[in-house]
Amino acid sequence: MEILNQKRNLLQLLSGDGTIRKMIMTLLNKKLKYKRPIALLPFGTANNIATSLHISNNNNTNVSSWNNYHLKKFDVGQVVAPEDTFFFIEAFGYGVFPKLMKQLTKMNTDHIKTPEDEFELALKTLHKICSTYKPFKATIELDHKVFEDKYLLIEVMNIPSLGPNLKLSPDADPGDGYFDVLMVAESKRKVLSDYISVIHEGKERVFTIKSIRSKTAAIFTVCKDAHVDDQIIKETPEKVKIKNMDSLLEIVVNNKKSVAIVPSK
């Protein structure tokens with residue numbers, strides 16, 4: 001295949017979102033003279049990263065499409081805290097999602113046999129959390145606009161979906177140089193809870209709380225539930241600044257499909 005014969009060292013990532021993140025972080029830590037295009041072969045459960053790029057779960061189709069490929073630019077988020085720096089591919093945020101991660105790690109999941117079982121448990125647990133989660137105060141600065149409220153969820157998203165395939169920011173494009181920042185205030189608890197309930201029932205629904213596009217963000221909060229991609233942050237910083245590292249990666253996608261997610265008007 002043409003792309004496999006190039007001298008640019010194609011990196012294939014075989015697995016789910018967590019493995020993809022680990023491999024990308026390893027790649028970014030190396031001092032490379034040229035970018036290395038990355039081809040994804042999703043074998044994970046959620047596969048939110050591959051889905052955001054319209055990459056099929058059928059890997060025979062994916063490999064055959066490499067004869068007619070396009071390199072899709074992909075942004076990386078940088079989170080700068082007073083004593084540490086984090087990088088994210090999917091999302092960075094506070095509130096109910098990191099709380100979900102914490103609860104799932106404590107559960108006995110021996111009965112989980114399929115991805116469907118995993119989604120069922122995650123959605124059921126998330127719905128319970130949303131009903132009782134204590135809101136936290138936060139101040140968010142997005143490209144010099146300031147928002148203050150009590151929140152259940154703040155997510156700085158690089159891709160449309162989060163967690164168990166919840167498409168919370170459908171217009172998010174991971175290669176447009178912008179984040180899609182989603183803020184769910186305490187007053188919108190029922191909207192979030194109802195959305196999760198409908199998805200849990202296997203139905204489709206568009207999430208009605210709109211995210212805000214921004215190149216930069218700063219968040220001030222004492223919330224102790226925080227995550228970067230699929231990792232829980234143990235020592236949660238009260239103040240972070242978030243920067244978009246525009247087009248830092250290149251991902252192999254099918255040239256026949258739309259490689260850009262066009263935001264709705």
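This is a predicted model: local features need pLDDT of at least 70, side-chain atom pairs count only at pLDDT 80 or more; totals for chains, interfaces and linings use all residues.
Strands are DSSP runs of E, at least two residues in length, and are numbered from the N terminus. By that rule, valine 228 belongs to strand 13, residues 226-228.

The protein has 265 residues, of which 48% count as buried. Its secondary structure comprises six helices and 15 strands. Among contacts with a separation of 6 or more, 74% join residues 24 or more positions apart.

Valine 228 is buried, at 4% relative accessibility. Beyond neighbours within four places in sequence, valine 228 contacts Arg21, Phe86, Phe87, Phe88, Ala91, Phe92 and Ile233. Aspartate 229 lies in the loop between strand 13 and strand 14, the latter spanning 231-232. Aspartate 229 is buried, because its relative accessible area is 3% and the cut-off for burial is under 20%. Its phi is positive, near 55 degrees, and the residue is not glycine. Most residues other than glycine have a negative phi. Histidine 54 likewise has a positive phi, of about 60 degrees. Histidine 54 sits in the loop between helix 2 (48-52) and helix 3 (59-65). With 38% relative accessibility, histidine 54 is partly exposed.

The largest nonpolar core contains 48 residues. Within this core, Phe92, Val96, Leu168, Ile219 and Ile242 touch the most other members. Isoleucine 219 touches Phe92, Tyr94, Thr139, Ile140, Ile154, Val156, Glu238, Lys239, Val240 and Ile242, with residues up to four places away in sequence left out. Another core, of 17 residues, lies apart from the largest one. Its members include Leu27, Ile38, Leu40 and Ile89.

Two helix pairs were examined. Helix 4 (residues 96-106) and helix 5 cross at roughly 125 degrees, and their axes come within 10 Å. Helix 4 is therefore oblique to helix 5. The crossing of this pair is right-handed. Helix 4 contributes Val96, Phe97, Lys99, Leu100, Gln103 and Leu104 to the contact. Helix 5 contributes Leu121, Ala122, Thr125, Leu126, Ile129 and Cys130. These residues divide into nine nonpolar, two polar and one charged.

Helix 5 (residues 115-132) also packs with helix 6 (residues 189-200). Their axes are 9 Å apart, at an angle of about 160 degrees. Helix 5 is therefore roughly antiparallel to helix 6, as angles over 145 degrees count as such. The crossing of helix 5 with helix 6 is left-handed. From helix 5, the contact involves Glu120, Leu123, Lys124, Leu126, His127, Cys130, Ser131 and Thr132. From helix 6, Arg189, Leu192, Ser193, Ile196, Ser197, Ile199 and His200 take part. The residues of this contact comprise six nonpolar, six polar and three charged.

Serine 247 is located in strand 15, residues 239-254. Its relative accessible area is 14%, so serine 247 is buried. Leaving out neighbours within four places in sequence, serine 247 contacts Lys35, Lys73, Phe74 and Asp75.

Methods. Residues are numbered from 1 along each chain as its sequence is written. Side-chain values use heavy atoms; hydrogens and water are left out. Axes are lines fitted to C-alpha atoms, for helices over the stretch in contact, and angles run from 0 to 180 degrees between N-to-C directions. Helices (H or I, at least four residues) and strands (E, at least two) are DSSP runs, numbered from the N terminus. Angles under 35 degrees count as roughly parallel, over 145 as roughly antiparallel, 65 to 115 as roughly perpendicular and the rest as oblique. A crossing is left-handed if the near helix is turned anticlockwise from the far one by less than a right angle, and right-handed if clockwise. Contact means heavy atoms within 4.5 Å. Ala, Val, Leu, Ile, Met, Phe, Trp, Tyr, Cys and Pro count as nonpolar, Asp, Glu, Lys and Arg as charged, and the others, Gly among them, as polar. A nonpolar core is a set of buried Ala, Val, Leu, Ile, Met, Phe, Trp, Tyr and Cys residues joined through side-chain atoms within 4.5 Å. Buried means under 20% relative accessible area, exposed over 50%, partly exposed in between (1.4 Å probe, protein chains only).
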